[in-house]
Amino acid sequence: MSKITTELLLERAVPRSTRLRKIETLNLSKLQLKTGDLDPRLFSRLRHLQKLDLSDNLLDKFPNSLTLPDLRVLNCNNNKLEDVTALKQFPLLEELTYENNVYLTLNDDYKVMFLLQNLRLLNGKDITKLANHVRCVNSRKLTSKVTAHWEKFFRDQLPEKYTAEQVKSIKKKFLKSVQTNVVYGPSSLSEFTRWRVKMIAEEFLAYSLGLELNSDTEPEEKTDENEEESTESPREAAEDVAQVGDFSSYISNVTVTPSKRKRNHSKSSPGNKRSKTQANTEEEAAEDVSAEPLHFLQCHSKGNSREDFKTQLWSCVFEPVLDSGARKDPIVSSSRTVATCGGESVCLIDCETGTVLKKYKVATEEFFSVAWTTLTMVISDSRKKAHNILAAAGRRGIVKLIHVAADFCYGEIKAHKKPIATVCFSPTQETHLFTASYDKRIALWDIGIPDCDYNFKASQLLVLETASIPLRIALVPTCPEQYLLAGCEDGCFAWNIKLDKGQKSRPFEAIFQFPGEESMTTSHRVDGLAFLNDDVVVSKSSKPGCIYLWSWSRSFDAKGKGCQRTMSAVILAELEWSTTDMSYLTLSTCPAKEYVFCGDEKGSVWMYNLSNYTTAWGSPKGKRSERRISPTVLGLRSQILKWPELRVNGEQPPEILVNNVVADPAFTYLVVLTSVNITAIWKKS
């Protein structure tokens, strides 16, 4: 893969040119370019460039000084862009496309509309009216709110004669407060609102107090998205088995301080305890401890780097036990082996020992989801034997099928042209796999059963059309062959998936309406979805602090006719959770033990024991719980399992988000996946 040279630029000019300064149109698509390949010194010679095509590359951001003063049209489709604020260096830009950059969201659309005053077309759509609203009305409203916040809470804190240190202190407090408390518009635009509020607040302080204004708007760190993929050459079935061990043995000088945070904030004298990670451990309120940290693993590192605290971990699922009647008895249906995914790898971990049993890597992939199934396969002597198969999928839209016992990735299904957000197998049809993709489709596949030579044939059985990106999917336990639920970017939907119907491509049958949602235009992103039992659905939306429990049977009218009907979710209870508006911190359930789990933006795990409520909810006249249900830690007093204070070489890792937390069916182990490439394993004592 060659770097950009003068000769390459002249050759890729349209038409070809003999001088850089004469080039007006340039096509640099499909060159596997990274950000570092865009040399500002070379690009500064393209003084008259008006159209630039950088599509189908590996760019994660733009350098801040490309110096293209006449650029009017820019194509960045199919890259890995994480931030758009550097585009402000192209003030004459009129047309911009950056489709299929999965890290970019609606918030980024609003940022470029504000930053680029001449922008007319964004991803092929005329945004003139909306952009004017963003630049004028939105800015005016936010400026008014920022000013009012200062007048009400901060103006009187500043003395008539103030020192530079006092100004610095009050500026810090004001910026933090105003970004937290000034709210405007839908929650889906909260990141953009915080970004603009910070900008307006800094301008306000510069004008009011004569402070120096930082003209370089720093991009906000996106903690709810993945990091950059590996750009090495593809390996179609690359399997790399490694035993990394636990976190403390992998990285030297690690101190772990786990503690429980009580919701009444009571304090106890600290006690000391040695964890099985062989790390130094201190625990507060030792008398209340009923779960202990076993291991902290860093086994998804890019390039096996010890310094990788950026790879995000997304999905984990416990391996079923082959000879336990797995589909009948959930308590004995799982081993202590868990599959986890994140970055370029999938790992199999023994929860008790912390040993990484197997590791599968695909250099150009970024895995988002894993799922298990058990297939009865014909082995070489014509005998049949049950084997566990692991499906793994992610950014490339490809499903990898791994025969774990044989240490072999035997096939792949090119399921979608865009990333796959999540996958799940049918509990009744072991070869039926659902894949939910960023292409706004949920597909049902029959993956077939491989023969003794691993030949197999996969076929698509059904396509479910979604109005927005599906994030989580769940089959209805009482009728898994007939109905599927999906939490999407703009709500919760249901489909009829019965295969005896003739229609292969189907629209959704129902959308569920929750409190505060008067119509589809006010619906919220549903980024957490699971069944607690045969009837109770648990869903989490982008509405801050909101986890609902609701009845499937009382909400869904199976006798109704027609598609795309709106149905009110019959709410049974609401769980008290974090007030963050950060998305993609998903939830899970442990039906056999009647628990709900959800991590938060501070590394804590909220656990809800609902065994005292489910019987009442199951009665025909079951009423909604009047109060929000608080979290409990393992049935004890009202507490939240707090993330341990990890120190690596004396320093704390960056801010920790809990992307996912899953318990095995017997609730012996609790696996916590984070945004900083750390898998934490806790054991119930």
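How many bridges join strand β16 (residues 384-394) to β17? In this predicted model, the number is five, and the two strands run antiparallel.

Select residues 398-403, which make up strand β17. Six of its six residues are buried, so β17 is largely enclosed by the rest of the structure. Colour I398, K400 and I402, which point one way from the strand, and then V399, L401 and H403, which point the other way. In a regular strand, the side chains alternate between the two faces of the sheet.

Continue to strand β18 (residues 408-414), which six bridges join to β17 in an antiparallel arrangement. The bridge partner of H403 in β18 is F408. Four residues lie between β17 and β18 in their hairpin, and D407 in the turn has a positive phi of about 55°.

Select β28 (526-531) and β32 (570-576), the edge strands, each of which pairs on one side only. They belong to an open sheet with the order β28-β29-β30-β32 and antiparallel pairing. From one strand to the next, the twist averages 25°.

Move to the open sheet with the order β1-β2-β3-β4-β5-β6, in which the pairing is mixed. Its edge strands are β1 (25-27) and β6 (125-126). Three bridges join β1 to β2 (residues 51-53), and these strands run parallel. Select N27 to find its bridge partner in β2, D53.

Select L28, L52, F62, L74 and L96, which touch the most other members among the 49 residues of the largest nonpolar core. Helix α3 (106-115) is one of the elements that give two or more residues to this core, and α3 gives the most, with five. Now centre the view on F62: beyond its neighbours within four places in sequence, its contacts include L38, L54, L74 and C76.

**Last stop: helix α5**

Finally, select residues 164-181, the 18 residues of helix α5. At 1.5 Å a residue the helix should span 26 Å, and its end C-alpha atoms are 25 Å apart, which agrees. Its buried residues are V167, I170, F174, L175, S177 and V178.

Key. Residues are numbered from 1 along each chain as its sequence is written. This is a predicted model: local features need pLDDT of at least 70, side-chain atom pairs count only at pLDDT 80 or more; totals for chains, interfaces and linings use all residues. Side-chain values use heavy atoms; hydrogens and water are left out. Two strands pair if DSSP finds at least two bridges between them. Axes are lines fitted to C-alpha atoms, for helices over the stretch in contact, and angles run from 0 to 180 degrees between N-to-C directions. A nonpolar core is a set of buried Ala, Val, Leu, Ile, Met, Phe, Trp, Tyr and Cys residues joined through side-chain atoms within 4.5 Å. Buried means under 20% relative accessible area, exposed over 50%, partly exposed in between (1.4 Å probe, protein chains only). Contact means heavy atoms within 4.5 Å. The expected span of a helix is 1.5 Å times one less than its number of residues.
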